[in-house]
Amino acid sequence: MKDAEPHVNWPSMIRYVVVLDEDSLEEASIFQGISPSMLNMEWALRSISEMPADIFDFGLPLEARKARRITGKGWSWTPLTISNFLRLRITHDDPYWVVYSASEAIFSALSDWEGRQTLPVLHISADDAGGLAPDRARWTHVRDHIRRVAVKLHERTQGFPIAELRKTLKAWRKPTAPRLDLVAKPHNCTIANLVTLRSLGFSFAGEEPLMSPPGDESPHINAIAESANAVISQQDSVGVFPALFSHFPKPDRIVIAPSLYAHTRQRLRPNTDAPAGLFETIRIIQQQKGYTFSGPGAAMLRTMSPAGQYIMGLRAQELNVQTLAVTLRAASTLAATLRLPNGVNLSSELSDFTGHVRGGRSTGGNGKAERVFRNVQRSLRSYTPPALLDIVASSQTGVKLIADAPLEWLPVGDLPLAIALDVSRIPTTPGNLMMTQLMRSETLYLKPKAFGEVLVVSSFSPSDPIRHDVRIAMETFTKTAKEHLNFRQVIVSCRDQFVEAVNSFHGAMMIFDGHGSHDRNSGAGFLHIGAEKVDVWELRGRLRPPPVVVLSACDTHSPDRTHATAGAGFLTCGATSVVATLLPVRSKNAALFAARLSMRAAWYTHAVVHGSKRPILWSEVVGSMLRLDFLSDLIGRLEKKKKLSPRPAADLRTEVNMFVHTRDTDWWANAKARLMEVTGLEADDMARLVSKTIAEGDSVRYTHLGNPDLLCITDNDVLSAVHP
């Protein structure tokens, strides 16, 4: 097929900005923490999905549009408070702006701001004071706006190719595609897939409401599976196209499990002064296990009270806005979206496993770690419909989780999801952080040499027995690859020194080397720096982390505590990718993992980009490192069982690691078969060893937060290879 990525040297992006009121943190919605003004902008998110993603979008054939979506050429949209927006300026390098607002005060402020700009904006406003009304806004308004901007650019910029731009705009047509043999069933659990298809121009055979009888949610499950499979069929139809050589596909599966703040799950004590139906409605929301609310007849009747309807309406707003933000991400990447039932958030077995690990008993010989971990997996799987899990497991380019539950542990065959596939996660609480992570769409391109120096920030006390573990591991690896990897270690003993060390570093990757904890009473996660317990959230506005942060510390994103984790704190400070820990990790194992990941970042990416001449996403670098870590642990256990002697074990490591290095889609089947062949283990014995290795090892204790799929490691030659 023809090149799906037009090659031009003039601006092509259309920037959509949703302008919000100045809401305080205290005003954020009670269940998930989304600002009230964001909750009132559902209409804006719907509107964006009907507009062109950039100046080429509506002028390209269907196949090219699908190909561009797969590599993340979707909408660039940003929610900004009015105070932050008014600091911005439209430049000639970023000239095409569409702005959404909802109040008279914001409309007035934006009108004054626009008067000070050298280029016009297209202002769509729900307020009657003026602007383009939402129900009148069409893609043709965007086209006409770009024409007006082009005239201004032509007047002010020498050599601006207005003739070429006019030709591009003249080719715009409303997207059209064949009618699909799919009956659309609009619901929050299907809307992401339906909009993804509609945005490409597809229509449906019909439309009908989605309803499930009490006790049987198969209609919801079937509707999700059918709509997701319709998206997957479009993914599969794209085939090979030139842009793949310079832009790697984004995750092709999105798994969403909306959740509540941990503190809102606590049982409330009834209060006789509370409005009728308030507590019963909150309890119904807390106990929701499926796709619909259910409960005893009397309790459900009380949800119809004014207080009950208010609470239900608020939760519906949260879910609607979250769904629409996920929808824009899915449509921007042509990803199939799988909504899981709420029961995955209610695993009572989770605390058994986390408590067992935190008690330091995870490597005992009684097999309890394996039993309690498998109980967590069974609980997660019991709430995950098999048809949906099969679709997740069929991913070819990675899985994006939007959840608070540890869905990385979902079993895919005999492996957890995060080891079987490349997986990253955006937390769903607090909702404002989730929204800022979901709206990120612009890929950051890094060269392999950006990882040539890694910052190690160490915060142990001078007497801590594990203070040298990361340094020793890093020195071991840098000695074997001096031409690719070096590290800078900075020892800090207070908050200010930590901020200074991070802010003065200009590379791509840092490792925090210290202790971490998550206080059950205060609800906050901390990094221990000297005598201080530092809440990273409090460093927002001061700390400027590099794109990649690796936390070699315990409990930096605990799945059974609150949203205020150290890992999420780095996201709110601006990191793109945070490799965090769900549980305590063993120091020497964690040090080796961090050092091997540094080596992989510097050496392996160099081999891929300069040897194989292809780009690689950071999500693949971390995902493959987790697989290698698991294989290393598994072979180590075979050595301890005297199934392998040291020399054959070393050779076998090299052999099975190649299944991962070469991106073999059957890496695990091939590695397992080879291990069984060499050791003589029967299938049942191998299965038991694998299960024990997973539960007792550290590989499942990591989670990959943020948007690592937006970090593309490549170079100029690879980027330009698609353009002769």
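Is the crossing of α13 and α14 left-handed or right-handed? I looked it up, and the crossing is left-handed (the near helix is turned anticlockwise from the far one by less than a right angle; clockwise would be right-handed).

Before going on, a note to myself: this is a predicted model, where local features need pLDDT of at least 70, side-chain atom pairs count only at pLDDT 80 or more, and totals for chains, interfaces and linings use all residues. Residues are numbered from 1 along each chain as its sequence is written, and side-chain values use heavy atoms, with hydrogens and water left out.

**Helix pair**

I checked the axes (lines fitted to C-alpha atoms over the stretch in contact, angles from 0 to 180 degrees between N-to-C directions). Those of α13 (residues 350-358) and α14 (residues 368-382) come within 8 Å and cross at roughly 150°. That makes α13 roughly antiparallel to α14 (over 145 degrees). Helices here are DSSP runs of H or I, at least four residues, numbered from the N terminus.

Next I listed the contact (heavy atoms within 4.5 Å): L350, D352, F353 and H356 of α13 meet K368, A369, V372, F373 and V376 of α14.

**Aromatic rings**

I searched the whole structure and got 16 aromatic pairs (Phe, Tyr or six-membered Trp rings with centres within 6.5 Å). F498 and F570 have ring centres 6.5 Å apart and planes at 80°, so I logged them as edge-to-face (over 60 degrees). F498 sits in α19 (residues 495-503) and F570 in α20 (residues 566-573), so the pair ties together parts 72 residues apart in sequence. Both F498 and F570 are buried (under 20% relative accessible area, 1.4 Å probe, protein chains only).

I also noted that ring pairs link F58, W139 and W172 into a cluster.

Methods:
Helix = DSSP H or I, 4+ residues; strand = E, 2+ residues; numbered from the N terminus. Parallel < 35°, antiparallel > 145°, perpendicular 65-115°, else oblique. Phe/Tyr/Trp six-rings, centres within 6.5 Å; stacked < 30°, edge-to-face > 60°. Buried < 20%, exposed > 50% of the residue type's maximum accessible area, 1.4 Å probe, protein only.
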